[in-house]
Structures are given as structure tokens and as C-alpha cells.
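Here's a quick walk through a single-chain model, written for someone who likes to check the atoms directly. Have the viewer open as you read.

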Amino acid sequence: MSDYMEKGQNSGADNPGGSGEGNDSAQSSGPESARQVFGRRVDRYAGLDVFSEEQYYRSLLELADPRPGDHALDLATGTGLLALMMAPTAARVTGADITPEMLEKARGRLAAAGLDNVEFLEAAVPELLSQNVVEQALA
């Protein structure tokens with residue numbers, strides 16, 4: 001656990017189920033506020049031990065179980081780690097997030113990985129539904 005979180009400085013935006021204090025909660029103010037909150041926290045988020053441990057992502061990858069021919073979706077992709085882990089197995093991967101700063105990190109990781117079957121979109125789930133991205137992936 002990071003020193004920041006151990007000191008009790010997390011807000012509801014860091015822990016969506018939490019009751020942390022602070023008036024920058026991503027839940028209560030809609031998507032634009034969430035973009036701002038997570039945009040300010042991108043470096044802290046990317047550096048959290050729980051999100052950088054390979055075991056955590058291997059567990060998620062096992063649950064997702066991407067297979068050849070699949071179009072995998074990583075909603076709230078953040079910095080793109082899970083999306084990039086699904087890429088060697090899935091035919092196509094779409095990672096979506098509402099935070100431009102997170103997507104910038106994800107695209108940097110994508111460029112470093114040299115993969116050509118992954119795309120990162122700035123979009124909320126309702127936007128993806130209206131663009132039929134989810135339906136195409138589930139087909």
C-alpha cells in the first residue's frame with residue numbers, strides 16, 4: 001500500500017466504494033469531474049503497488065480469458081496494462097477511458113510494446129454503446 005493511502009489521504013475517487021473526504025470525488029460530480037480527478041492523479045495511480053504487481057494483472061487476465069479471434073474490451077483502462085496483456089492472445093483489443101492523461105500513458109506503453117492490434121479511445125461507456133463498440137466486441 002502506498003504511503004499516501006496508509007496516511008488516510010485517499011478520497012472516494014481513489015476508492016470508488018470508499019467514503020473518503022474531499023470535494024473532488026469522481027462519483028458525485030459526473031464524468032468531467034472524474035476526468036479532472038484522475039487526470040491529476042495519473043502518476044500516483046500508475047505508481048500504486050497494487051496496480052503494478054504482475055500477480056494482480058495475471059489474475060485479471062485469467063478472468064478475462066481472451067482467446068484468438070476475440071475483440072477484448074478494457075473499460076476504464078487507465079494506463080492500459082490489462083489491455084496490453086490481452087493483446088498477444090486476442091485478435092483485437094480496445095481500451096477505453098475518460099481521462100486523457102491516463103490514455104497518454106497507455107499510448108506510450110503501446111508504442112513501447114510495438115503492438116498493432118490495440119487501440120485506446122477516450123470515451124465513457126455510454127459513448128461506446130452508442131458507437132456499437134461493445135456490441136461488436138460481444139458478437
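## Salt bridges and what they join

Arginine 67 is partly exposed, with a relative accessible area of 48%. Keep in mind that this is a predicted model. The partner of arginine 67 is aspartate 65, and the closest N and O atoms of this salt bridge sit 2.5 Å apart. Aspartate 65 is partly exposed too, at 35% relative accessible area.

How many salt bridges does the structure hold? The count is 3, and here they are side by side:

| Salt bridge | N to O distance |
|---|---|
| aspartate 65 – arginine 67 | 2.5 Å |
| lysine 105 – aspartate 43 | 3.0 Å |
| glutamate 119 – arginine 92 | 3.4 Å |

Take the lysine 105 – aspartate 43 bridge. Lysine 105 belongs to helix H7 and aspartate 43 to helix H3 (residues 42–47), so the pair ties together parts 62 residues apart in sequence. Lysine 105 counts as partly exposed at 35% relative accessibility, while aspartate 43 counts as exposed at 54%.

Then there's glutamate 119 with arginine 92, whose side chains meet at 3.4 Å, N to O. This pair links distant parts of the chain, with glutamate 119 in strand E3 and arginine 92 in strand E2 (residues 92–97), 27 residues apart. Both ends are partly exposed: glutamate 119 at 32% and arginine 92 at 37%.

## The overall layout

Zooming out, the chain has 9 helices and 3 strands, running α-α-α-α-α-β-α-β-α-β-α-α from the N terminus. Of its 139 residues, 37% count as buried. Among contacts between residues at least 6 apart in sequence, 54% join residues at least 24 apart. The chain exposes about 8200 Å², with carbon and sulfur atoms supplying 49% of that.

## The nonpolar core

In soluble globular proteins, nonpolar side chains tend to be buried together. Which members of the largest nonpolar core touch the most others? Out of 15 residues, they are Met86, Val93, Val118 and Phe120. Helix H5 (54–64), helix H6 (81–86), helix H7 (100–113) and strand E3 (118–122) each supply at least two residues, and the largest share, 4 residues, comes from H6.

## A buried aspartate

Aspartate 74, in strand E1 (residues 71–75), is worth a look. The residue is buried yet has no salt bridge, and the nearest side chain of opposite charge, arginine 109, is 9.4 Å away. A salt bridge needs a nitrogen within 4 Å of a carboxyl oxygen, so that distance rules arginine 109 out. What does the side chain of aspartate 74 reach instead? A 2.7 Å polar contact joins it to the side chain of threonine 77, and it reaches the backbone nitrogen of alanine 83 at 3.2 Å.

Most residues other than glycine have a negative phi. Aspartate 65, in the loop between H5 and E1, has a positive phi near 50°. Alanine 76 has a positive phi of about 60°; this residue lies in the loop between E1 and H6 and is exposed, with a relative accessible area of 59%.

Conventions. Residues numbered from 1 in each chain as written. Predicted model: local features only at pLDDT ≥ 70, side-chain atom pairs only at ≥ 80, totals over all residues. Heavy atoms only, no water. Buried < 20%, exposed > 50% of the residue type's maximum accessible area, 1.4 Å probe, protein only. Lys, Arg positive; Asp, Glu negative; His and termini not counted. Polar contact = N/O pair within 3.5 Å; in protein donor to acceptor, adjacent residues only side chain to side chain. Core = buried A, V, L, I, M, F, W, Y, C linked by side-chain atoms within 4.5 Å. Contact = heavy atoms within 4.5 Å. Areas by Shrake-Rupley, 256 points an atom, 1.4 Å probe, with all protein chains shown as cover.
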